[in-house]
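Please consult the sequence and the structure shown here while reading.

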Amino acid sequence: MHIRGDHTELVVGGRLDVRSAADARTALHSALDDGAGDLVLDLTELDSWDATGLGVIMGAHRRAGRAGRRLVLRGVPPQMQRLLVATRLHRILAIEGGLAADSLPRV
């Protein structure tokens, strides 16, 4: 997993899973604590995430809210869009452009 960016936009690539969760959590918390306004999390380079990775995203979402900020997901890959819809987290998380049900790949 790799994360690059600053306190306004982070690009996450590779795998966001149990092995990379601690590093991802640290990077997200630092970005949220050091900035103001929306924090855009660009996921276009993300290959996969597991439940732990999704937990990191949700934790960052909650931390952003407590800091008066908003975590915005950009470029959510199709397989991850399906997971967000299946878990109904697409209703909670801010997703740039939203997730149109008719544009999601069929399972």
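Two strands are said to pair if DSSP finds at least two bridges between them. By that criterion β1 (2-5) and β2 (9-16) are paired, since four bridges join β1 to β2, and the two strands run antiparallel. Within this pair, G5 stands opposite L10 in β2. The model is a predicted one.

**The sheet**

Five strands form an open sheet in the order β1-β2-β3-β4-β5, with mixed pairing. The edge strands, each pairing on one side only, are β1 and β5. In general, strands of a sheet pair through backbone hydrogen bonds, either parallel or antiparallel. The pairings for which bridges are reported here are listed below.

| Strand pair | Bridges | Direction |
|---|---|---|
| β1 and β2 | four | antiparallel |
| β3 and β4 | four | parallel |
| β4 and β5 | two | parallel |

**Helix α2**

The helix α2 covers residues 51-66. At 1.5 Å a residue, its 16 residues should span 22 Å; the end C-alpha atoms are 23 Å apart, in agreement with that expectation. At the start of α2, a side-chain oxygen of D50 comes to within 3.0 Å of the backbone nitrogen of T52. The buried residues of α2 include G53, L54, V56, I57, M58, G59, A60 and A64. Among the elements covering the buried residues of this helix are β2, α1, β3, β4 and α3. After α2 comes G68, whose phi is positive, near 75°.

In soluble globular proteins, nonpolar side chains tend to be buried together. In this model, the largest nonpolar core has 27 residues, and those with the most contacts inside it are L41, W49, L73 and L84. Two or more residues are given to this core by each of β2, α1 (21-34), β3 (39-49), α2, β4 (71-74) and α3. The largest share, six residues, comes from α2. Leaving out residues up to four places away in sequence, W49 touches L16, L43, L54, I57, M80, L83 and L84.

**Two loop residues**

T8 lies in the loop between β1 and β2. With a relative accessible area of 36%, T8 is partly exposed, because that value falls between the 20% and 50% limits. Apart from neighbours within four places in sequence, T8 is in contact with D38, L39, V40 and R69. T8 and R70 are 62 residues apart in sequence, while their C-alpha atoms are 10 Å apart in space.

R88 is placed in the loop between α3 (78-86) and β5 (94-95). Is R88 buried or exposed? At 52% relative accessibility, R88 counts as exposed, because the limit for that class is over 50%. Most residues other than glycine have a negative phi. R88, although not a glycine, has a positive phi of about 65°.

Technical notes
Residues numbered from 1 in each chain as written. Predicted model: local features only at pLDDT ≥ 70, side-chain atom pairs only at ≥ 80, totals over all residues. Heavy atoms only, no water. Buried < 20%, exposed > 50% of the residue type's maximum accessible area, 1.4 Å probe, protein only. Core = buried A, V, L, I, M, F, W, Y, C linked by side-chain atoms within 4.5 Å. Contact = heavy atoms within 4.5 Å. Expected span 1.5 Å × (residues − 1). Polar contact = N/O pair within 3.5 Å; in protein donor to acceptor, adjacent residues only side chain to side chain.
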